[in-house]
Amino acid sequence: MMDATATTDFIHLYEPGGDPARAPLLLLHGTGGDERDLIGLGRTVAPGAALLSPRGKVLEGPMPRFFRRLAEGVFDEDDLRRRTHELADFVEAARQRYGLAQPVAVGFSNGANIAASLLLLRPEVLAGAALLRAMSPFAQPPQADLSGKRVLILSGAMDPIVPADDVARLAKTLSGNGASVDHRTLPAGHGLSQPDIGLLQSWLAAG
Ligand code: MLT
């Protein structure tokens, strides 16, 4: 049995925001990234926002991730559920510690997938989420009340990791549960492109 500190403690970076009108960003990196990866992106897309950026606790070889997978695109859903609650508890504790409003998640790839899972399992934790190159985290998604949550999904038309029907299913699940979903498919692969940055910036500014 882990104690409360161990279950909610993530290695993370926290950067206070200068603009209280901006929602804090919860930055969630992709496989092989860490807490530093998306700080520059966060500063660019939401100047003045507080940034909270944890490092995923699961290691795949040397690569940090937010939950275990059995193969590429095949998720260990029991681990995903457990890790989602652990991350949600961390965010709640960090909000107390740093005095933060409800954050908007900005997740890339594996980080986008756990952000989608956070929305479905612990919707109270997030104000909304930008899911960059996300896929459906669950084969049978749970029901959640996502009314009032804004979600941006940015997909790559040439993404070799995320099948188009899979992310379409995610968009349908989230909007079916009441989220206000803006799903765009860009002429890009799995990596982020310049248009991702511009779209993310304007979507955050409109929030
Ligand atoms: C995942 O495992 O979450 C997805 O396959 C995306 C990735 O991290 O490569």
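Asn-110 is buried, at a relative accessible area of 2%. Buried here means under 20% relative accessible area, exposed means over 50%, and partly exposed lies in between (1.4 Å probe, protein chains only). The model is predicted: local features need pLDDT of at least 70, side-chain atom pairs count only at pLDDT 80 or more, and totals for chains, interfaces and linings use all residues. Residues are numbered from 1 along each chain as its sequence is written, and side-chain values use heavy atoms, with hydrogens and water left out.

Stay with Asn-110. This residue is found in helix H4. Helices (H or I, at least four residues) and strands (E, at least two) are DSSP runs, numbered from the N terminus. A polar atom in the Asn-110 side chain lies 2.7 Å from the backbone nitrogen of Phe-66. Asn-110 also belongs to the surroundings of the ligand.

Now turn to that ligand. Around the ligand stand Thr-31, Arg-65, Phe-67, Arg-69, Gly-73, Phe-75, Ser-109, Asn-110, Asn-113 and Ile-161. A residue is near a molecule or strand if one of its heavy atoms lies within 4 Å of it. By class, this shell holds three nonpolar, five polar and two charged residues. Ala, Val, Leu, Ile, Met, Phe, Trp, Tyr, Cys and Pro count as nonpolar; Asp, Glu, Lys and Arg count as charged; the others, Gly among them, count as polar.

For Thr-31, a side-chain N or O atom is 2.5 Å from an oxygen atom of the ligand. For Arg-65, a polar side-chain atom lies 2.8 Å from a ligand oxygen. For Arg-69, the corresponding distance is 3.2 Å. Taken alone, the ligand exposes 260 Å², and the protein buries 95% of that. Those areas come from the Shrake-Rupley method with a 1.4 Å probe; for residues, only the protein chains shown count as cover.

Which pocket does the ligand take up? The space taken by the ligand is the second largest pocket.

Ser-109 leads on from the ligand shell. Its place is in the loop between strand S8 (104–108) and helix H4 (110–121). Ser-109 counts as buried because its relative accessibility is 13%. Its phi is near 55°, a positive value in a residue other than glycine.

Ser-109 also meets His-190. Their side chains are joined by a polar contact of 2.7 Å. A polar contact is a pair of N or O atoms within 3.5 Å; within protein, one must be able to donate a hydrogen and the other to accept it, and residues adjacent in sequence count only if both atoms are side-chain atoms. The side chain of His-190 has a polar contact of 2.7 Å with that of Asp-159. His-190 sits in the loop between strand S11 (180–186) and helix H6 (194–205). Why does His-190 count as buried? Because its relative accessibility is 15%.

Arg-133 lies in the loop between strand S9 (128–132) and strand S10 (150–156). Its phi is positive, about 60°, although Arg-133 is not a glycine. At 1% relative accessibility, Arg-133 counts as buried.

Arg-184 is in strand S11. It is partly exposed, with a relative accessible area of 36%. Its C-alpha atom is separated by 9.1 Å from that of Leu-199, 15 residues apart along the chain.

Arg-95 is found in helix H3 (residues 77–98). It is partly exposed, at 23% relative accessible area. Arg-95 and Pro-24 are 71 residues apart in sequence, yet 9.7 Å apart in space, C-alpha to C-alpha.

Notes:
1 Å grid on protein atoms, 1.4 Å probe; cavity = no way out; pocket = protein on both sides within 12 Å on 5 of 7 lines; lining within 4 Å. Sits in = over half its atoms within 2 Å of the grid points.
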